[in-house]
Amino acid sequence: MTFEPGDRVRVLPAEKPGHVRTPGYLKGKTGWIESVLGEFPNPEELAYGFSGRPERLLYKVGFRQADLWDDYDGPAEDRLCADVYEHWLEPEGGTA
Amino acid sequence: MSDHHEEAKSSTSPYAARIRAIEALLLEKGVLTEPEVQDRISYMEARSPANGAKLVARAWVNDEYRERLLSDAKAAASELGMDPTHPAEFVVVENTPEVHNLIVCTLCSCYPRAILGRPPDWYKSFNYRSRAVREPRAVMREFGFEPPEGVEVVVHDSTADVRYMVLPMRPPGTEELDEDDLAGLVTRDSLVGVSVPRYAGSKGISANSGRLLNDND
């Protein structure tokens, strides 16, 4: 599944043991694709001595802070960007 | 803020003992050699926030360079003789009158080490890593900085293969300063975004720690 800048996406709420590069506070949260950062060896494989191939697309994903924290006390415009691998993303509303 | 890290840094801490044991094993098994370890230490110590300050000062005085720094930071760093070689990508995000950027790595302590050297201890603390994403404005206030009314705060959590640095705004009143003096205004904290460069007239320059940073070149 590939995405374009502006696409609405949801971070999968999956629980995966071991080394992952998707922070827990983003799981299940909805945001948008800010930009496509390129393809990189999958760090979740590299961490265990594997090749990390095939490389995975990495996206810069934007979120509204107010969507991440119920008690966020800053202005509604405040944003957070995180770099999330393609296999942690699905279209908003699910893949079905 | 960094109590735990002060403890961890102590040469008698269990963490230090563990690292010494791992290093001894790697040397004993021939995975690493002593010169390789020393080379790596020299490599890291040759890097400092003064590198970031140079990139910023050049961007302040040269608009075309600024655009190159924002579009391809690795190439722009190479132009100034820096070697950003590292598997990670290097991206510079720009503060504007509308947007203030703040960098954190919640998962560990990702930092553009190839340019800026080792991160400060507070950057690696659980306190900073957990609060910078959740209450960035409160964190910046503790560093003595409050974004002006109407400025949007954008936090960048460097969770994967990209390392981020902030291009702060040039402080007002610095039109007469040359590039070296401008670099002296750029603090490490302003490159992470917890603060901004300040200029208090000619007295401000000599009082600024940037002079010390430049001495490390």
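Which residue in β3(B) is the bridge partner of Leu102(B)? It is Val155(B). Keep that pair in mind, as I will come back to that strand several times. One caution before we go on: this is a predicted model.

Let me start with chain A. Chain A holds two helices and five strands. Read from the N terminus, the elements go β-β-α-β-α-β-β. The C-alpha trace of chain A spans about 45 × 25 × 25 Å along its principal axes. What about the radius of gyration? For chain A it is 14 Å. A compact globule with 96 residues would have a value near 12 Å, so the two agree. Of the 96 residues in chain A, 27% are buried. Now look at contacts in chain A with a separation of 6 or more. Residues 24 or more positions apart account for 55% of them.

Strand β2 (residues 30-40) of chain A pairs with strand β3 (residues 56-64) of chain A. That pairing is antiparallel and runs over seven bridges. In β3(A), Trp32(A) finds its bridge partner in Gly62(A).

Move on to where the chains meet. Strand β4 (residues 79-85) of chain A is joined to β3(B) by four bridges. These two strands run parallel. The bridge partner of Ala82(A) in β3(B) is Asp157(B).

Is β3(B) enclosed or open to the outside? Five of its six residues are buried, so β3(B) is largely enclosed by the rest of the structure. As a general point, side chains in a regular strand alternate between the two faces of the sheet.

How many residues make the contact between the chains? Chain B gives 18 residues and chain A gives 20 residues. On the chain B side, the elements giving two or more residues are α9 (126-134) and β3 (152-157). The largest share, six residues, comes from β3(B). By class, that side of chain B has seven nonpolar, four polar and seven charged residues.

Now one residue in the loop between α10 (136-142) and β3 of chain B: Val151(B). Val151(B) has 18 other C-beta atoms within 10 Å, so it is partly exposed. Leaving out residues up to four places away in sequence, Val151(B) touches Glu98(B), Val99(B) and His100(B). Val151(B) and Thr96(B) are 55 residues apart in sequence. In space, C-alpha to C-alpha, they are 8.7 Å apart.

Compare that with Val61(B), found in helix α4 (residues 49-61) of chain B. Val61(B) is partly exposed, with 13 other C-beta atoms within 10 Å. Again leaving out residues up to four places away in sequence, Val61(B) touches Glu179(B) and Leu182(B). Val61(B) and Val31(B) are 30 residues apart in sequence, and 46 Å apart in space, C-alpha to C-alpha.

Last stop, helix α3 (residues 34-45) of chain B. This helix has twelve residues. From first C-alpha to last, it reaches 17 Å, close to the 16 Å expected at 1.5 Å a residue. How many of its twelve residues are buried? The count is zero, and α3(B) is hardly covered.

How values were computed
Residues numbered from 1 in each chain as written. Chains lettered and ligands numbered in written order. Predicted model: local features only at pLDDT ≥ 70, side-chain atom pairs only at ≥ 80, totals over all residues. Contact = placed C-beta atoms within 7 Å. Nonpolar A, V, L, I, M, F, W, Y, C, P; charged D, E, K, R; others polar. Pairing = 2+ DSSP bridges. Rg over C-alpha atoms; globule rule 2.2 N^0.38 Å. Buried ≥ 20, exposed ≤ 12 C-beta atoms within 10 Å, placed from the backbone. Expected span 1.5 Å × (residues − 1).
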